[in-house]
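Hi,

Here is the model I promised to pass on.

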Amino acid sequence: MTIFLILAPYGAFAFLMLVTSAAVSLFAGAAVCLAVIMFDAARGRSTKLLGAGSAILFASIGCYITFVDPTPSNSMVKLVVDAGMFLIALGSMLVRHPFTLQYALEAVPAETAAMPGFLRANYILTGVWTTAMLLMMLGNVAMLYIPGLPIWMSLAIAFAARNSAVYFTKWYPTYRKMKYSVPPAHAQPEPN
């Protein structure tokens, strides 16, 4: 459910970019971000850096297109959104607060959060998402600067990058738990 809520604004934006204007798509993405923030607040959860940053990003680009320059192509708009997301994710690591940490702290018990590798695991998860955002950005750069490249190529890159990051986000915590958990006291030691 959490991953769905995190990805909902970008899914709404990407879908609407196929059927309506960039400005409408951007403002809809910002509205979905705000809806997710309100949903989290209603459940007693904190406002997330990624959600708030995304709302500001979508709204800012939407205002720019509406009031300053309505001419950027859809590929350019997608590139700017991906670049903004990349900067949010990378910036969260540079200020030593990876954006996945907020989600993780609300999802795990305090004992797990206090474990030595917990912060490192969040850096790894944020790094995977940052890499996925970089790949999506590069796919949009290719669309802009390689004439004749089919549009499905950019979509395939974005789909593969995002789905790989989702899979890793689900797999990695389970892997760490299995690798670093203490076996139960009644477990038989392995023979030498």
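Before the rest, some housekeeping. This is a predicted model, where local features need pLDDT of at least 70 and side-chain atom pairs count only at pLDDT 80 or more, while totals for chains, interfaces and linings use all residues. Residues are numbered from 1 along each chain as its sequence is written, and side-chain values use heavy atoms, with hydrogens and water left out.

The overall picture: the protein has 8 helices and 0 strands (DSSP runs numbered from the N terminus, H or I of at least four residues for helices, E of at least two for strands). The C-alpha trace spans about 70 × 40 × 30 Å along its principal axes. Of the 192 residues, 38% count as buried (under 20% relative accessible area; exposed is over 50%, and partly exposed is in between, with a 1.4 Å probe and protein chains only). Taking contacts (heavy atoms within 4.5 Å) between residues at least 6 apart in sequence, 74% join residues at least 24 apart.

Back to helix 2, which covers residues 22-42. Its 21 residues should span 30 Å at 1.5 Å a residue, and its end C-alpha atoms are 30 Å apart, so the two agree (the expected span is 1.5 Å times one less than the number of residues). Its buried residues include Ala22, Leu26, Gly29, Cys33 and Asp40, and the buried residues of this helix pack against helix 1 (2-19), helix 3 (49-67) and helix 4 (74-94).

Pro9 gives you a view of that packing from another side. Pro9 lies in helix 1 and counts as buried at 3% relative accessibility. Leaving aside neighbours within four places in sequence, Pro9 is in contact with Gly29, Val32, Cys33 and Phe58. The C-alpha atoms of Pro9 and Val32 are separated by 5.1 Å, although the two are 23 residues apart along the chain.

Next, a residue in a loop. Arg96 sits between helix 4 and helix 5 and is exposed, with a relative accessible area of 67%. Arg96 has a positive phi of about 65° although it is not a glycine. Most residues other than glycine have a negative phi. In helix 5 (residues 100-107), Thr100, Leu101, Gln102, Tyr103 and Ala104 are buried, and what covers them includes helix 1, helix 3 and helix 7.

The axes of helix 7 (residues 118-145) and helix 8 (residues 151-180) come within 8 Å and cross at roughly 175° (axes are lines fitted to C-alpha atoms over the stretch in contact, with angles from 0 to 180 degrees between N-to-C directions). That makes helix 7 roughly antiparallel to helix 8 (over 145 degrees; under 35 is roughly parallel, 65 to 115 roughly perpendicular and the rest oblique).

Phe168, Trp171, Tyr172 and Tyr175 form one aromatic cluster.

Cheers

Technical notes:
Rings of Phe, Tyr and Trp (its six-membered ring) pair if their centres lie within 6.5 Å; planes under 30 degrees apart count as stacked, over 60 as edge-to-face and the rest as tilted.
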